[in-house]
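Have the sequence and the 3D view ready.

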Protein chains: 2
Amino acid sequence: MKKIPHRIYLNEEQMPKQWYNLRADMKELPDPMLNPQTLKPATEEDLYPVFCKELAHQELDSQTRYVDIPEEIQEFYKMYRPSPLIRAYELEKALGTPAKIYYKFEGNNTSGSHKLNSAVAQVYYAKKQGLKSLTTETGAGQWGTALAEACAFFGMDLTVYMVKASYEQKPFRKSIIQTFDGKVIASPSDTTEAGRKILAENPNTGGSLGCAISEAVETAVNTPDCRYVLGSVLNQVLLHQSIIGEECKIAMEMIDEYPDIVIGCAGGGSNLGGLIGPYMRDKLTGKANPRIIAVEPASCPSLTRGKYAYDYCDTGRITPMARMYTLGCGFIPSPNHAGGLRYHGMSPILSKLYHDGYMEAVSVEQSKVFEAAVLFAKKETILPAPESAHAIRAAINEALKCKETGEAKTILFGLTGTGYFDMSAYTSYLEGRMTDYIPTDEDLQKGFAGLPKIPGIQE
Amino acid sequence: MKKIPHRIYLNEEQMPKQWYNLRADMKELPDPMLNPQTLKPATEEDLYPVFCKELAHQELDSQTRYVDIPEEIQEFYKMYRPSPLIRAYELEKALGTPAKIYYKFEGNNTSGSHKLNSAVAQVYYAKKQGLKSLTTETGAGQWGTALAEACAFFGMDLTVYMVKASYEQKPFRKSIIQTFDGKVIASPSDTTEAGRKILAENPNTGGSLGCAISEAVETAVNTPDCRYVLGSVLNQVLLHQSIIGEECKIAMEMIDEYPDIVIGCAGGGSNLGGLIGPYMRDKLTGKANPRIIAVEPASCPSLTRGKYAYDYCDTGRITPMARMYTLGCGFIPSPNHAGGLRYHGMSPILSKLYHDGYMEAVSVEQSKVFEAAVLFAKKETILPAPESAHAIRAAINEALKCKETGEAKTILFGLTGTGYFDMSAYTSYLEGRMTDYIPTDEDLQKGFAGLPKIPGIQE
């Protein structure tokens, strides 16, 4: 048998020309987003103050199965895509597993992650509508970097509210965003109503994504020709990120492989939702039945320990409400949690699929995650982002199970990015200073207590 | 005409299986390395205390034109190679040039540079000889990272002497080397005779590559089963780095292109020497006559302002002497010089080719280099290493000349790596704090005054 190459690249002709909209194949759709004023399902018009028109449309369009990728975005993709599908021969050898391990590596671009896939789309549509500036939040900094790259390319002003804990842990993330002309503000800040309120209640907070979102949305709606963009959670983001899975499917077909298990880390769901597209499609349409596993941090366990409920997308409670697995919009992960995957909720699409039994979820502790990251780096020569290393941890666990049972399963995981800006966390792990944190049930109850009451829907 | 793709990748079958030894095609060979004790040409045996046997052989073998790449190294290469050849469509557009600009991008691996190509080879041969540990120096940190990756992979202990200025500017470089189990010592240090001597003379020095080399060599020769390895300058390094040029040639043939101009940054010459292989071969054998341009920092101008003379490879004067363009082994670039390309000398092979008129050299000031880097990042979405940006600067200059003349030249440059660990320098540039430094003739005279006297050869 011919040996499968280490790296499989599509050529430009093979690259997908359409994004895939998972909702079109779902038996039951996620519950609609609610307008927080009217408590009625949000319309596209309701979203216009926050999102540009085309993105508002994509957010609510659950019908169109395949969406043409505009020519300009395809051209941009060609600067850093296709991303390679890589066979982890050396990791397999190190584990002594009969499993075949593949990973789709999205870190080979300057944002250091898959985030650029949606950033370019969101900036493109905003530019096309004639907008002048954008606001966003960033946690680990990958989304902020990706968006700054896209904004610099298309000529659009950008303000990034960066979660204060990350801002302090990762000074160079700020620098790289600034290199691409992005303005960076540590959140919570005194530049917004929402930020001032949070600071007044908790002056020493390290911030959270939910809080940074409040600030970014508030600034967007109060600035002419400005809109807000978000790097995860949203339906539109999963649509754009479907490029990952669609490329992956073609690459795996080229080597006659099909995954038994598909694994992705999950914070808001942007990478996982993009990676699993074709495999979830096969599940939904009855063509195949791979296991699909979301991996989340034990310190921010929205799927495994959250509630499936309507909640605000932000801490300041100004966004529409979405039904999703949530820890409550006031939830802030422990400060010792390194890296991203710190959002209180989960993509409504993924939440619904999980709720309906199409997906599994596991949570992992960060010391085990870094242990996997270091092993992976030494064997596969790529230093993974802490976020991505959650998927590595779960993939290793599955591969070790195969070693027990002797099964030669095909495992596919998403390696979302690189850890070059996470060296403080690596050092803390290497020096034995890294601690794990698992919220108690009591901790979680506090978050749940803040879930909104919606007459007739959620009492 | 069919549009040339943005990225051209070879498949595994197309990947070169041999390194190319430029010396085999040179009309005149570089002058031999001299044993500093005997002042006679160094033999392989002379080099055994410092280099493992196979590498000592490669260092002195000027005859073998093509060297088989061992199977294990080929397998390792497949984890991160082939590197892409990229058409810089967006940079061309931004410059409004009729030139076609291509770059061979070596930064898509965790070392962040081309350095891994030689690191894996040097560690492999040392391991095969049964050695237990290695020492080296690192300046910008890419070589130290690459070597740590290769050592972790093959299971070899590593001590890295890191130029103190970089050690302080780039704390995370230290962390990443440590992640791969490398031991990092700021140089000059008190762990060696050479380091203590340099510290005694100049306690506040930021160090230099030459000084770190002295320390690494001293430690290697005083430690059982230990050898020294170097990431540039040496003939063996150019041999291993030839993988860059050989891949590039195949990729360019796939799109029916041949460069009119080949550009590479040059510190010790590892990247430039590797990239230009096939094009210099064509020049030497009369098949073609592309321009070949070495780009160096104005602050460390060994080719453009150095002397072609025998000199030590290290500051402590314990290594063999090589005839090369040199600023004198005591030369230390101004502390405001950011990034690598800070070696006092230049690869003897490249020095000879330059001396014999096969190559041009230019020097560029760092503020112009960072200006080019930021433009490139915004248009091509890759944040370049400061070293690589020297080549970008020269490529842009050539492309702008084409704009003047209307010539549609084909320009190829080497993009050696990424700048993720250079954000302090970027920030300093963005904040207007970056200054240029050009040594005066008087400064250079001090370095030249220290050139060794060799009876009958160099008085």
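## A pair of strands

In this predicted model, strand E1 of chain B pairs with strand E4 (residues 85-87) of chain B, running antiparallel over two bridges. Pairing here calls for at least two DSSP bridges between the strands, while strands (E, at least two residues) and helices (H or I, at least four) are DSSP runs numbered from the N terminus. Within E4(B), Ile86(B) is the bridge partner of Arg7(B).

Helix H11 (residues 235-254) of chain B packs on the sheet and touches E1, E4, strand E5 (100-105) and strand E15 (410-415) of chain B. Touching, or contact, means heavy atoms within 4.5 Å. The direction of H11(B) makes about 140° with that of E5(B); axes are lines fitted to C-alpha atoms, for helices over the stretch in contact, and angles between N-to-C directions run from 0 to 180 degrees.

## The whole sheet

Zooming out, the chain B sheet is open, has seven strands in the order E1-E4-E5-E15-E10-E11-E14, and shows mixed pairing. Strands E1 (7-8) and E14 (360-364) of chain B each have a single partner strand, so one side of each is left without a neighbour in the sheet.

## Where two chains' helices meet

Helix H8 (residues 171-179) of chain A and helix H18 (residues 423-430) of chain B have axes that come within 9 Å and cross at roughly 45°. Among the residues making this contact are Phe172(A) and Ile176(A) of H8(A), plus Tyr426(B) and Leu430(B) of H18(B).

## Reading the numbers

Residues count from 1 along each chain as its sequence is written, and chains are lettered from A, with ligands numbered from 1, in the order in which they are written. Local features need pLDDT of at least 70, side-chain atom pairs count only at pLDDT 80 or more, totals for chains, interfaces and linings use all residues, and side-chain values use heavy atoms, leaving out hydrogens and water.
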